[in-house]
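Me: Please take a close look at a single helix in this model. Tell me how its two sides differ and what it packs against.

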Amino acid sequence: AEHRALAREAAARGMVLLHNDGGALPIGGGPIFVAGEAADNIGLQCGGWTIKWQGEVTRDLTVGTTILDGLREVAPPDTAITYSPTADFPGDARAAVGLLFVHELPYAEGLGDREDLNLPAEQVALIDKLRARCERLVVVLITGRPLLIAEHLGRAEAWVAAWLPGSEGGAVADVLFGRVPFTGRLPLAWPG
């Protein structure tokens, strides 16, 4: 328990607020639509060099808390949170807040090298899909490196680099709901 508490603190301290237009963060209340596979997958939160060399895309890679579990734990008790990995929500319902967790697949060393650091087209499509269903959109990057997002910034009110928060997804919720302030800083400018 002591090690997990420390891991949660470390993950929260590393998160970086890249963009926050109109005070979209911290989240005040709901209803909230949550989308993106990384919201409910510890393997994507952990990345490579975790349990297995190249990591693994699985919800149960190791003992821990998914980001979605953390959101449900931290949100005010009367906040309705609806999750769909593909941003397919029922009927024509809308949410006050949309939280989209975009990700890279786990990688380590040279097998993770990419010539193109743009968001994959399917992740950009999720941005547009969730944007149409919420008043304020927050995009959270689950990645071990900067991804090129400049052309997409205007599609969401807030952008957050959560990096690879590891086994303690509750840390992401702590920061998004303002229980813990954003304190992470970039050592270099985020690439455009």
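Reply:

Helix H1 covers residues 2–14, 13 residues in total. At 1.5 Å a residue it should span 18 Å, and its end C-alpha atoms lie 19 Å apart, which agrees. The expected span is 1.5 Å times one less than the number of residues. Helices here are DSSP runs (H or I, at least four residues), numbered from the N terminus.

This is a predicted model: local features need pLDDT of at least 70, side-chain atom pairs count only at pLDDT 80 or more, and totals for chains, interfaces and linings use all residues. Residues are numbered from 1 along each chain as its sequence is written, and side-chain values use heavy atoms, with hydrogens and water left out.

Now the two sides. Arg8, Ala11 and Ala12 are the buried residues of H1. They cover an arc of only 100° around the axis, so they sit on the same side of H1. The arc is taken from the directions from the helix axis to the C-beta atoms. An α-helix has 3.6 residues a turn, so residues three or four places apart point the same way. On the other side of H1, Glu2, His3, Leu6 and Arg13 are exposed. Buried means under 20% relative accessible area, exposed over 50%, partly exposed in between (1.4 Å probe, protein chains only).

Next, the packing. The buried residues of H1 pack against helix H3 (67–74) and helix H5 (170–176). Contact means heavy atoms within 4.5 Å.

Thr66 is in the loop between helix H2 (42–46) and H3. Thr66 is buried, at 0% relative accessible area.

Methods: Helix = DSSP H or I, 4+ residues; strand = E, 2+ residues; numbered from the N terminus.
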